[in-house]
Amino acid sequence: MILDTDIATATRPRPNSLSDLFWSMTKLALQGFGGVLAVVQRVLVEEKRWLTNEEFVEDWAVAQILPGPNVVNLALMIGDRYFGVRGALAALAGMLVFPLLIVLAVAALFATVADLPVAKGALKGMGAVSAGLIAAVGLKLVGALKTNVMTVGVCVALAAMTFVAIAILRIPLAWVLLVLGSAAMAWAYRQLGVLADQADGGTQ
Amino acid sequence: MILNLSAADWFGFFTQFAMLSLLSVGGAITTAPDMHRYLVTEQHWLTESQFTSCISLAQAAPGPNVLFVALMGWNVGLNAGGGLHAGWTGLAMALFGVLVPMLGIMIPSTTLTFVAARWGHQNRELRIVRAFKQGMAPIVIALLIATGWLLISANNNATKDWPLWLLGLVCMLLVWKTKIHLLWLLGVGALLGALGLV
């Protein structure tokens with residue numbers, strides 16, 4: 001059976017080799033001052049077009065809920081999808097090798113650079129920019145909720161509760177995922193069932 | 001600081017980080033308090049200032065934030081091998097120190113992600129898998145916005161920190177609504193910060 005998604009991925013931009021995957025991830029990682037999260041959506045969705053916003057949200061949900069660095073998890077998943085285990089390892093290596101060499105070189109040459117007032121100031125400035133970039137990724141992805149089976153109203157309510165729980169009440173992530181995540185998944189499960197019933201009813 | 005670490009110590013270092021790997025939902029940084037307890041308070045392998053500079057250096061450098069773990073290993077290796085002025089043995093010890101906690105923090109979580117994500121992708125038409133992805137979508141989107149909020153609200157002195165908030169807000173709007181290259185924004189942020197303007 002050929003699924004719609006297979007046809008869609010066949011004609012879409014994709015990494016054309018292991019080395020393309022490795023260097024793309026390296027380039028992505030090296031743009032990530034103050035964390036790679038701020039640039040990952042821009043590069044993978046808007047520049048490379050390997051994923052749509054909807055697919056990015058879905059993959060990000062998996063990368064986020066599993067333990068480990070989120071961007072590393074995402075790179076691994078994408079690599080695996082195109083080239084199997086070798087792709088996963090190439091993407092992982094791309095994400096880590098050159099950034100590791102750079103951070104060690106910085107540590108070896110300027111062990112005290114992070115304590116200089118100028119460096120501290122620059123770090124603070126980049127931190128504020130990074131915070132804005134990450135929040136902007138969230139805002140851009142809100143559009144992906146339009147097609148969600150839970151309907152926009154329920155999505156907005158869940159998003160608002162999650163934001164308050166994490167940002168204002170500072171409840172640990174694990175609890176938020178457990179309580180709000182299970183509730184959301186149960187509701188989505190129910191809605192998917194309702195949709196399937198309607199589709200069955202329509203064909204009879 | 002000169003340490004004398006046995007093979008058992010290194011193995012303990014590895015297993016400690018391998019255990020934290022499986023607990024690191026939301027990124028390795030969420031387990032930093034426990035790493036601090038282990039490395040600084042209990043084992044005395046790192047000084048307080050070495051520990052904090054690992055985190056700030058990894059943030060200043062490009063790349064995933066998990067590399068702060070590599071720097072912790074690097075510093076433990078330096079402390080154990082006599083430092084870089086001890087020559088090749090000092091460097092070799094530092095590089096060995098990088099490998100031990102990095103393999104520990106990476107192997108369990110990446111293996112789990114690989115297996116779970118592959119299963120999820122192969123079964124992406126299952127109702128339960130679709131429910132997971134559809135249900136989690138609004139939550140992970142809110143988590144991104146909340147992460148931005150938490151990062152900036154570490155600066156909570158309204159009279160002194162308002163330029164930082166303004167900078168973050170302007171960047172958010174620019175990235176949301178335009179295609180401006182992100183490195184320009186990071187460069188401007190670094191410059192404003194270095195000049196002491198934010």
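Guide: A residue is buried if 20 or more other C-beta atoms lie within 10 Å of its own, exposed if 12 or fewer, and partly exposed in between, with C-beta atoms placed from the backbone. You're looking at a predicted model, in which local features need pLDDT of at least 70 and side-chain atom pairs count only at pLDDT 80 or more, while totals for chains, interfaces and linings use all residues. Residues are numbered from 1 along each chain as its sequence is written, and chains are lettered from A and ligands numbered from 1 in the order in which they are written.

Visitor: How does S153(B) count, by its C-beta neighbours inside 10 Å?

Guide: Find S153(B) in the loop between α6 (127-152) and α7 of chain B; helices here are DSSP runs of H or I, at least four residues, strands are runs of E, at least two, and both are numbered from the N terminus. S153(B) has 14 C-beta neighbours inside 10 Å, so the label is partly exposed.

Visitor: And H44(B), which sits in a loop with a positive phi: what does its count of C-beta atoms within 10 Å make it?

Guide: H44(B) lies between α2 (32-42) and α3 (48-60) of chain B, and its phi is near 55° though it isn't a glycine. There are 11 other C-beta atoms within 10 Å of H44(B), which makes it exposed.

Visitor: How many helices does the secondary structure of chain B come to?

Guide: Reading from the N terminus, the elements go α-α-α-α-α-α-α-α. Chain B has zero strands, and its helices come to eight.

Visitor: What radius of gyration does chain B have?

Guide: This value is taken over C-alpha atoms, and the globule rule is 2.2 Å times the number of residues to the power 0.38. The C-alpha trace of chain B spans about 55 × 55 × 30 Å along its principal axes. A compact globule of 198 residues would come out near 16 Å, but chain B has 21 Å.

Visitor: How far apart are the centres of domain 1 and domain 2 of chain B?

Guide: Domain bounds come from an automatic or database domain assignment, which for chain B gives domain 1 (7-117) and domain 2 (155-194). Taken over C-alpha atoms, the separation of their centres is 31 Å.

Visitor: Are α7(B) and α8(B) roughly parallel or antiparallel to each other?

Guide: Axes are lines fitted to C-alpha atoms, for helices over the stretch in contact, and angles run from 0 to 180 degrees between N-to-C directions. Under 35 degrees is roughly parallel, over 145 roughly antiparallel, 65 to 115 roughly perpendicular and the rest oblique. The axes of α7 (residues 158-177) and α8 (residues 182-194) of chain B come within 11 Å and cross at roughly 170°. α7(B) and α8(B) are therefore roughly antiparallel.

Visitor: Which residues of α8(B) make that contact?

Guide: Two residues are in contact if their C-beta atoms, placed from the backbone, lie within 7 Å. From α7(B) come L167(B), C171(B), L174(B) and V175(B), and from α8(B) come L182(B), L185(B), G189(B) and L192(B).

Visitor: Which element gives the most to the side of chain A that touches chain B?

Guide: Between the chains, 89 residues of chain A are in contact with 81 of chain B. That side of chain A has 65 nonpolar, 17 polar and seven charged residues, where Ala, Val, Leu, Ile, Met, Phe, Trp, Tyr, Cys and Pro are nonpolar, Asp, Glu, Lys and Arg charged, and the others, Gly among them, polar. The element that gives the most, with 23 residues, is α6(A).
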